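Here are a few notes for you to read beside the model.

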Amino acid sequence: MEDTMEVPFFDLNYGQEEEEAALETIRSGWISTGPKCEEFEDKWADLHDMEHGVSLSSCTAALHLAMRTLDIGPGDEVIVPSLTFVATANCVRMVGAKPVFADVESLDQWTLSPSAVADAITDDTQAIIAMHYGGYGADMPAICGIAEEHDLFVVEDACHGPMGQRGGQMLGSLGDISCFSFYTNKNISTAEGGMLLTDDEAVAERVRVLRSHGMTSTAYEREDGQEFYDVKEYGYNYRMDDIRASIGLAQLEKLPEDIAKREKLVKRYRENLGDVDGVRVPFSDYDGRPSNYVFGVLTNHPDRVRLREQMGERDIGTSMHYPPVHQFECYEPFSTSLPITEEIGRREISLPLFHNMTFDQVDYVCEGLQECLHVTA
Ligand SMILES: *Cc1c(COP(=O)(O)O)cnc(C)c1O
(Lines give C-alpha, C1' and ligand atoms only; values in the text may rest on other atoms or scores of the structure.)
Protein backbone atom coordinates (compact mmCIF):
# COMPACT_ATOMS: atom_id res chain seq x y z
CA MET A 1 0.00 0.00 0.00
CA GLU A 2 1.20 3.52 -0.78
CA ASP A 3 2.22 5.73 2.10
CA THR A 4 -0.39 8.31 1.36
CA MET A 5 -3.66 7.57 -0.31
CA GLU A 6 -6.22 10.27 -0.51
CA VAL A 7 -9.55 9.09 0.85
CA PRO A 8 -12.18 11.82 0.79
CA PHE A 9 -15.07 11.60 3.24
CA PHE A 10 -17.59 11.54 0.39
CA ASP A 11 -17.60 11.50 -3.40
CA LEU A 12 -20.55 12.56 -5.53
CA ASN A 13 -22.05 9.82 -7.72
CA TYR A 14 -22.74 12.02 -10.77
CA GLY A 15 -21.94 11.33 -14.40
CA GLN A 16 -23.32 11.53 -17.91
CA GLU A 17 -26.77 10.32 -16.81
CA GLU A 18 -27.33 13.34 -14.58
CA GLU A 19 -25.91 15.73 -17.19
CA GLU A 20 -28.19 14.35 -19.89
CA ALA A 21 -31.24 14.34 -17.65
CA ALA A 22 -30.74 18.01 -16.73
CA LEU A 23 -30.07 18.96 -20.35
CA GLU A 24 -33.18 17.19 -21.57
CA THR A 25 -35.33 19.06 -19.05
CA ILE A 26 -33.71 22.40 -19.88
CA ARG A 27 -34.34 21.79 -23.60
CA SER A 28 -37.95 20.76 -22.95
CA GLY A 29 -38.78 24.35 -22.07
CA TRP A 30 -40.44 23.44 -18.72
CA ILE A 31 -37.96 23.75 -15.85
CA SER A 32 -40.08 24.54 -12.77
CA THR A 33 -42.35 22.11 -10.86
CA GLY A 34 -44.02 19.87 -13.43
CA PRO A 35 -44.05 16.40 -14.99
CA LYS A 36 -40.55 15.42 -13.80
CA CYS A 37 -41.47 16.26 -10.21
CA GLU A 38 -44.63 14.15 -10.54
CA GLU A 39 -42.71 11.20 -11.93
CA PHE A 40 -40.09 11.46 -9.18
CA GLU A 41 -42.83 11.69 -6.52
CA ASP A 42 -44.63 8.60 -7.82
CA LYS A 43 -41.47 6.53 -8.05
CA TRP A 44 -40.21 7.57 -4.61
CA ALA A 45 -43.59 6.83 -2.98
CA ASP A 46 -43.79 3.41 -4.71
CA LEU A 47 -40.27 2.52 -3.64
CA HIS A 48 -41.19 3.21 0.00
CA ASP A 49 -44.64 1.59 0.00
CA MET A 50 -46.43 4.89 0.53
CA GLU A 51 -49.47 6.29 -1.30
CA HIS A 52 -48.47 9.91 -1.85
CA GLY A 53 -45.19 11.71 -2.49
CA VAL A 54 -44.72 15.48 -2.54
CA SER A 55 -41.39 16.80 -3.79
CA LEU A 56 -39.99 19.78 -1.90
CA SER A 57 -36.98 22.08 -1.79
CA SER A 58 -35.42 20.23 1.18
CA CYS A 59 -36.08 17.79 3.98
CA THR A 60 -36.24 20.76 6.31
CA ALA A 61 -39.22 21.98 4.27
CA ALA A 62 -40.74 18.48 4.53
CA LEU A 63 -40.31 18.40 8.32
CA HIS A 64 -41.75 21.90 8.65
CA LEU A 65 -44.80 21.01 6.53
CA ALA A 66 -45.20 17.77 8.51
CA MET A 67 -45.54 19.87 11.66
CA ARG A 68 -47.89 22.32 9.91
CA THR A 69 -50.18 19.67 8.46
CA LEU A 70 -50.38 17.78 11.76
CA ASP A 71 -51.53 21.12 13.24
CA ILE A 72 -48.74 21.25 15.79
CA GLY A 73 -48.17 24.67 17.32
CA PRO A 74 -47.61 26.69 20.48
CA GLY A 75 -48.35 24.72 23.67
CA ASP A 76 -47.66 21.38 21.98
CA GLU A 77 -44.70 19.12 22.65
CA VAL A 78 -42.90 16.90 20.15
CA ILE A 79 -40.48 14.18 21.25
CA VAL A 80 -37.28 14.17 19.19
CA PRO A 81 -33.83 12.59 19.35
CA SER A 82 -30.90 14.88 20.07
CA LEU A 83 -28.42 12.65 18.20
CA THR A 84 -29.53 13.97 14.83
CA PHE A 85 -29.10 16.85 12.43
CA VAL A 86 -30.49 20.04 13.95
CA ALA A 87 -33.32 20.26 11.36
CA THR A 88 -35.15 17.40 13.16
CA ALA A 89 -35.65 19.73 16.13
CA ASN A 90 -35.72 23.07 14.29
CA CYS A 91 -38.98 22.12 12.58
CA VAL A 92 -40.65 21.86 15.99
CA ARG A 93 -39.51 25.38 16.89
CA MET A 94 -40.57 26.64 13.43
CA VAL A 95 -44.20 26.08 14.44
CA GLY A 96 -43.66 27.40 17.96
CA ALA A 97 -43.92 24.02 19.69
CA LYS A 98 -41.58 22.59 22.33
CA PRO A 99 -39.00 19.95 21.42
CA VAL A 100 -38.62 17.33 24.14
CA PHE A 101 -35.32 15.51 23.71
CA ALA A 102 -35.15 11.78 24.38
CA ASP A 103 -32.03 9.61 24.55
CA VAL A 104 -31.03 6.88 22.10
CA GLU A 105 -31.19 3.19 23.04
CA SER A 106 -27.56 2.31 23.75
CA LEU A 107 -23.95 2.68 22.63
CA ASP A 108 -24.78 -0.04 20.08
CA GLN A 109 -28.20 1.16 18.88
CA TRP A 110 -28.03 4.88 18.16
CA THR A 111 -31.71 5.49 17.52
CA LEU A 112 -34.52 6.87 19.66
CA SER A 113 -35.18 4.73 22.74
CA PRO A 114 -38.84 3.65 22.98
CA SER A 115 -38.68 3.61 26.77
CA ALA A 116 -37.19 7.12 26.83
CA VAL A 117 -40.02 8.21 24.53
CA ALA A 118 -42.61 6.66 26.86
CA ASP A 119 -41.04 8.48 29.83
CA ALA A 120 -41.13 11.83 27.99
CA ILE A 121 -44.86 11.80 27.22
CA THR A 122 -47.01 14.48 28.87
CA ASP A 123 -50.56 15.77 28.31
CA ASP A 124 -49.12 18.23 25.77
CA THR A 125 -47.30 15.66 23.62
CA GLN A 126 -48.64 15.59 20.07
CA ALA A 127 -46.03 13.74 18.02
CA ILE A 128 -42.79 11.76 17.97
CA ILE A 129 -40.10 12.26 15.33
CA ALA A 130 -37.86 9.21 14.87
CA MET A 131 -34.60 9.37 12.91
CA HIS A 132 -32.98 6.35 11.24
CA TYR A 133 -29.35 7.01 12.15
CA GLY A 134 -26.93 6.08 9.38
CA GLY A 135 -29.74 4.28 7.58
CA TYR A 136 -30.31 1.88 10.50
CA GLY A 137 -33.97 1.95 11.42
CA ALA A 138 -35.31 3.10 14.76
CA ASP A 139 -37.51 0.58 16.60
CA MET A 140 -40.65 1.64 14.74
CA PRO A 141 -42.96 -1.15 15.95
CA ALA A 142 -42.31 -0.10 19.56
CA ILE A 143 -42.46 3.64 18.84
CA CYS A 144 -45.66 3.32 16.79
CA GLY A 145 -47.15 1.13 19.54
CA ILE A 146 -46.52 3.85 22.14
CA ALA A 147 -47.90 6.47 19.75
CA GLU A 148 -51.07 4.49 19.22
CA GLU A 149 -51.57 4.01 22.94
CA HIS A 150 -51.31 7.78 23.56
CA ASP A 151 -52.92 8.94 20.32
CA LEU A 152 -49.79 10.64 18.96
CA PHE A 153 -48.53 11.19 15.43
CA VAL A 154 -45.30 9.61 14.26
CA VAL A 155 -43.03 11.38 11.77
CA GLU A 156 -39.99 9.63 10.33
CA ASP A 157 -36.95 11.73 9.56
CA ALA A 158 -35.81 9.20 6.95
CA CYS A 159 -32.99 11.31 5.47
CA HIS A 160 -30.46 8.56 6.21
CA GLY A 161 -32.70 5.68 5.25
CA PRO A 162 -33.72 5.59 1.56
CA MET A 163 -34.54 2.00 0.58
CA GLY A 164 -33.45 0.85 4.06
CA GLN A 165 -35.19 -1.92 5.96
CA ARG A 166 -35.49 -3.14 9.50
CA GLY A 167 -37.22 -6.38 10.45
CA GLY A 168 -38.47 -6.71 6.87
CA GLN A 169 -40.19 -3.30 6.94
CA MET A 170 -39.27 -0.37 4.69
CA LEU A 171 -37.96 2.68 6.53
CA GLY A 172 -40.08 5.67 5.67
CA SER A 173 -43.25 3.58 5.35
CA LEU A 174 -44.16 3.23 9.03
CA GLY A 175 -45.07 6.66 10.34
CA ASP A 176 -47.94 9.03 9.49
CA ILE A 177 -45.48 11.12 7.49
CA SER A 178 -41.91 10.46 6.40
CA CYS A 179 -39.38 13.03 5.23
CA PHE A 180 -36.38 12.54 2.94
CA SER A 181 -33.47 14.72 1.82
CA PHE A 182 -31.65 14.82 -1.50
CA TYR A 183 -28.96 17.17 -0.25
CA THR A 184 -25.56 16.77 -1.94
CA ASN A 185 -23.99 14.20 0.39
CA LYS A 186 -27.05 11.96 0.89
CA ASN A 187 -27.42 8.51 -0.73
CA ILE A 188 -29.10 10.24 -3.66
CA SER A 189 -28.53 13.87 -4.49
CA THR A 190 -30.25 16.65 -6.39
CA ALA A 191 -27.86 19.25 -4.86
CA GLU A 192 -30.76 20.45 -2.70
CA GLY A 193 -34.12 18.75 -2.45
CA GLY A 194 -36.55 16.79 -0.32
CA MET A 195 -39.68 14.67 -0.34
CA LEU A 196 -42.60 14.07 2.00
CA LEU A 197 -44.43 10.73 1.90
CA THR A 198 -47.78 9.89 3.46
CA ASP A 199 -50.73 7.53 3.06
CA ASP A 200 -53.13 10.34 4.02
CA GLU A 201 -54.51 12.03 0.92
CA ALA A 202 -55.68 15.11 2.83
CA VAL A 203 -52.19 15.63 4.29
CA ALA A 204 -50.60 15.24 0.84
CA GLU A 205 -53.05 17.73 -0.66
CA ARG A 206 -52.40 20.29 2.06
CA VAL A 207 -48.63 19.88 1.69
CA ARG A 208 -48.99 20.53 -2.06
CA VAL A 209 -50.87 23.74 -1.34
CA LEU A 210 -48.52 24.91 1.43
CA ARG A 211 -45.39 24.27 -0.66
CA SER A 212 -46.70 26.77 -3.18
CA HIS A 213 -47.67 29.89 -1.19
CA GLY A 214 -50.97 28.36 -0.09
CA MET A 215 -52.35 28.70 -3.61
CA THR A 216 -55.12 26.27 -4.48
CA SER A 217 -53.64 25.65 -7.93
CA THR A 218 -50.14 25.96 -9.35
CA ALA A 219 -48.78 27.28 -12.64
CA TYR A 220 -48.45 23.73 -13.93
CA GLU A 221 -52.06 22.89 -13.06
CA ARG A 222 -53.30 26.16 -14.54
CA GLU A 223 -51.69 25.09 -17.81
CA ASP A 224 -54.54 22.56 -17.82
CA GLY A 225 -57.06 25.38 -17.97
CA GLN A 226 -57.69 26.48 -14.36
CA GLU A 227 -57.90 30.25 -14.52
CA PHE A 228 -57.76 31.43 -10.97
CA TYR A 229 -56.53 30.43 -7.56
CA ASP A 230 -57.51 31.16 -3.99
CA VAL A 231 -55.28 31.24 -0.89
CA LYS A 232 -56.92 29.60 2.11
CA GLU A 233 -53.90 29.62 4.44
CA TYR A 234 -50.45 31.20 4.37
CA GLY A 235 -47.88 29.07 2.62
CA TYR A 236 -44.28 29.05 1.44
CA ASN A 237 -42.24 28.53 -1.66
CA TYR A 238 -40.95 25.03 -0.86
CA ARG A 239 -41.18 23.56 -4.36
CA MET A 240 -38.70 21.31 -6.10
CA ASP A 241 -38.16 22.06 -9.81
CA ASP A 242 -38.09 19.76 -12.83
CA ILE A 243 -34.34 20.14 -13.40
CA ARG A 244 -33.66 18.76 -9.93
CA ALA A 245 -36.38 16.12 -10.25
CA SER A 246 -34.91 14.86 -13.53
CA ILE A 247 -31.51 14.57 -11.84
CA GLY A 248 -33.25 12.77 -8.98
CA LEU A 249 -34.77 10.29 -11.44
CA ALA A 250 -31.31 9.57 -12.88
CA GLN A 251 -29.92 9.15 -9.35
CA LEU A 252 -32.79 6.84 -8.43
CA GLU A 253 -31.61 4.37 -11.09
CA LYS A 254 -28.27 4.22 -9.29
CA LEU A 255 -29.64 3.90 -5.76
CA PRO A 256 -29.87 0.08 -5.54
CA GLU A 257 -26.26 -0.20 -6.66
CA ASP A 258 -25.16 2.53 -4.24
CA ILE A 259 -26.76 0.66 -1.35
CA ALA A 260 -25.34 -2.72 -2.41
CA LYS A 261 -21.87 -1.19 -2.72
CA ARG A 262 -22.05 0.54 0.66
CA GLU A 263 -23.17 -2.74 2.21
CA LYS A 264 -19.98 -4.48 1.00
CA LEU A 265 -17.78 -1.62 2.18
CA VAL A 266 -19.38 -1.59 5.62
CA LYS A 267 -18.96 -5.36 5.89
CA ARG A 268 -15.24 -4.83 5.23
CA TYR A 269 -15.09 -2.05 7.83
CA ARG A 270 -16.79 -4.33 10.36
CA GLU A 271 -14.37 -7.20 9.62
CA ASN A 272 -11.38 -4.88 9.97
CA LEU A 273 -12.53 -3.03 13.08
CA GLY A 274 -14.53 -5.74 14.86
CA ASP A 275 -11.86 -6.66 17.41
CA VAL A 276 -9.71 -3.55 17.42
CA ASP A 277 -8.98 -2.33 20.94
CA GLY A 278 -10.39 1.13 21.54
CA VAL A 279 -12.93 1.00 18.71
CA ARG A 280 -16.60 0.23 19.18
CA VAL A 281 -18.68 -0.38 16.05
CA PRO A 282 -22.45 0.14 16.55
CA PHE A 283 -25.43 -1.73 15.10
CA SER A 284 -23.51 -5.03 15.11
CA ASP A 285 -26.62 -7.20 15.46
CA TYR A 286 -28.96 -5.11 13.30
CA ASP A 287 -31.87 -7.08 11.88
CA GLY A 288 -32.34 -5.81 8.35
CA ARG A 289 -30.77 -3.99 5.47
CA PRO A 290 -29.46 -0.51 6.29
CA SER A 291 -28.87 2.25 3.72
CA ASN A 292 -25.44 2.96 5.26
CA TYR A 293 -25.62 6.70 4.72
CA VAL A 294 -22.74 7.24 7.14
CA PHE A 295 -20.44 4.89 9.04
CA GLY A 296 -19.72 6.14 12.53
CA VAL A 297 -17.74 4.40 15.26
CA LEU A 298 -16.82 5.23 18.85
CA THR A 299 -13.16 5.42 19.79
CA ASN A 300 -11.36 5.78 23.10
CA HIS A 301 -9.10 8.53 21.74
CA PRO A 302 -9.01 11.23 24.43
CA ASP A 303 -9.31 14.12 21.97
CA ARG A 304 -11.47 13.76 18.88
CA VAL A 305 -10.34 17.07 17.34
CA ARG A 306 -6.77 15.74 17.48
CA LEU A 307 -7.86 12.34 16.14
CA ARG A 308 -9.48 13.97 13.13
CA GLU A 309 -6.31 16.01 12.56
CA GLN A 310 -4.22 12.85 12.72
CA MET A 311 -6.52 11.20 10.18
CA GLY A 312 -6.26 14.33 8.02
CA GLU A 313 -2.46 14.06 8.12
CA ARG A 314 -2.96 10.65 6.47
CA ASP A 315 -5.20 12.28 3.83
CA ILE A 316 -8.32 10.66 5.25
CA GLY A 317 -11.47 12.77 5.38
CA THR A 318 -13.68 12.30 8.45
CA SER A 319 -16.75 13.88 9.94
CA MET A 320 -18.92 13.65 13.04
CA HIS A 321 -22.61 12.83 13.38
CA TYR A 322 -23.68 14.61 15.47
CA PRO A 323 -23.01 17.36 17.96
CA PRO A 324 -26.06 16.71 20.19
CA VAL A 325 -28.82 19.21 19.40
CA HIS A 326 -29.77 19.79 23.06
CA GLN A 327 -26.27 21.18 23.66
CA PHE A 328 -26.56 23.93 21.03
CA GLU A 329 -26.90 27.43 22.47
CA CYS A 330 -30.38 28.12 21.13
CA TYR A 331 -31.68 24.83 22.57
CA GLU A 332 -30.55 25.70 26.10
CA PRO A 333 -34.14 26.36 27.22
CA PHE A 334 -35.04 22.79 26.20
CA SER A 335 -31.88 21.10 27.41
CA THR A 336 -31.89 17.98 29.53
CA SER A 337 -29.50 15.21 30.49
CA LEU A 338 -29.04 12.50 27.83
CA PRO A 339 -26.05 10.40 28.93
CA ILE A 340 -25.85 8.03 25.94
CA THR A 341 -26.33 10.74 23.32
CA GLU A 342 -23.71 12.87 25.10
CA GLU A 343 -21.18 10.04 25.18
CA ILE A 344 -21.69 9.29 21.47
CA GLY A 345 -21.49 13.03 20.77
CA ARG A 346 -18.08 13.11 22.47
CA ARG A 347 -16.56 9.92 21.05
CA GLU A 348 -18.05 9.39 17.57
CA ILE A 349 -16.05 9.73 14.36
CA SER A 350 -17.58 9.15 10.92
CA LEU A 351 -15.29 7.35 8.48
CA PRO A 352 -15.31 7.73 4.68
CA LEU A 353 -18.09 5.92 2.82
CA PHE A 354 -19.17 6.52 -0.77
CA HIS A 355 -20.22 4.61 -3.88
CA ASN A 356 -16.82 4.22 -5.57
CA MET A 357 -14.69 3.65 -2.50
CA THR A 358 -12.38 0.63 -2.82
CA PHE A 359 -11.58 -2.12 -0.31
CA ASP A 360 -7.97 -0.87 -0.38
CA GLN A 361 -9.24 2.51 0.77
CA VAL A 362 -11.29 0.91 3.56
CA ASP A 363 -8.19 -1.01 4.69
CA TYR A 364 -6.10 2.16 4.54
CA VAL A 365 -8.63 4.05 6.68
CA CYS A 366 -8.75 1.22 9.25
CA GLU A 367 -4.95 0.99 9.45
CA GLY A 368 -4.76 4.76 9.81
CA LEU A 369 -7.32 4.75 12.61
CA GLN A 370 -5.47 2.00 14.47
CA GLU A 371 -2.19 3.91 14.19
CA CYS A 372 -3.81 7.09 15.51
CA LEU A 373 -5.27 5.26 18.50
CA HIS A 374 -2.00 3.46 19.18
CA VAL A 375 0.09 6.64 19.12
CA THR A 376 -1.87 8.14 21.99
CA ALA A 377 -2.41 4.91 23.91
C1 LIG B 1 -29.70 16.06 5.86
C2 LIG B 1 -30.62 15.91 6.99
C3 LIG B 1 -31.68 16.81 7.20
C4 LIG B 1 -31.88 18.06 6.40
O5 LIG B 1 -32.05 17.85 5.05
P6 LIG B 1 -32.07 19.13 4.06
O7 LIG B 1 -32.57 18.54 2.79
O8 LIG B 1 -30.65 19.61 3.97
O9 LIG B 1 -32.97 20.14 4.64
C10 LIG B 1 -32.57 16.55 8.23
N11 LIG B 1 -32.41 15.49 9.04
C12 LIG B 1 -31.39 14.62 8.88
C13 LIG B 1 -31.28 13.46 9.80
C14 LIG B 1 -30.45 14.81 7.86
O15 LIG B 1 -29.44 13.97 7.74
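1. With 3 residues, helix H3 (residues 59-69) gives the most to the lining of the largest pocket. Helices here are DSSP runs of H or I with at least four residues, strands are runs of E with at least two, and both are numbered from the N terminus. This is a predicted model, where local features need pLDDT of at least 70 and side-chain atom pairs count only at pLDDT 80 or more, while totals for chains, interfaces and linings use all residues. Residues are numbered from 1 along each chain as its sequence is written, and side-chain values use heavy atoms, with hydrogens and water left out.

2. The largest pocket holds about 320 Å³ of space. Its lining has 20 residues, and the closest to the centre are Phe85, Cys159, Ser181, Tyr183 and Lys186. A pocket is an open set of points on a 1 Å grid over the protein atoms alone, where a 1.4 Å probe fits, with protein on both sides within 12 Å along at least five of seven lines; lining residues have an atom within 4 Å of a point. The volume is the space filled by probe spheres set on the points, which are joined across faces, edges and corners.

3. Where does the largest pocket lie? Domain 1 (16-251) and domain 2 (255-374) both give residues to the lining, so the pocket lies between them. The domain bounds come from an automatic or database domain assignment.

4. An N or O atom in the side chain of Thr60 is 2.5 Å from a ligand oxygen atom, and a polar side-chain atom of His160 lies 2.9 Å from an oxygen atom of the ligand.

5. Please also look at the backbone: a cis peptide bond joins His321 and Tyr322, with omega about 15 degrees. Asp49 has a positive phi of about 55 degrees, although it is not a glycine.

Terms used. A polar contact is a pair of N or O atoms within 3.5 Å; within protein, one must be able to donate a hydrogen and the other to accept it, and residues adjacent in sequence count only if both atoms are side-chain atoms.
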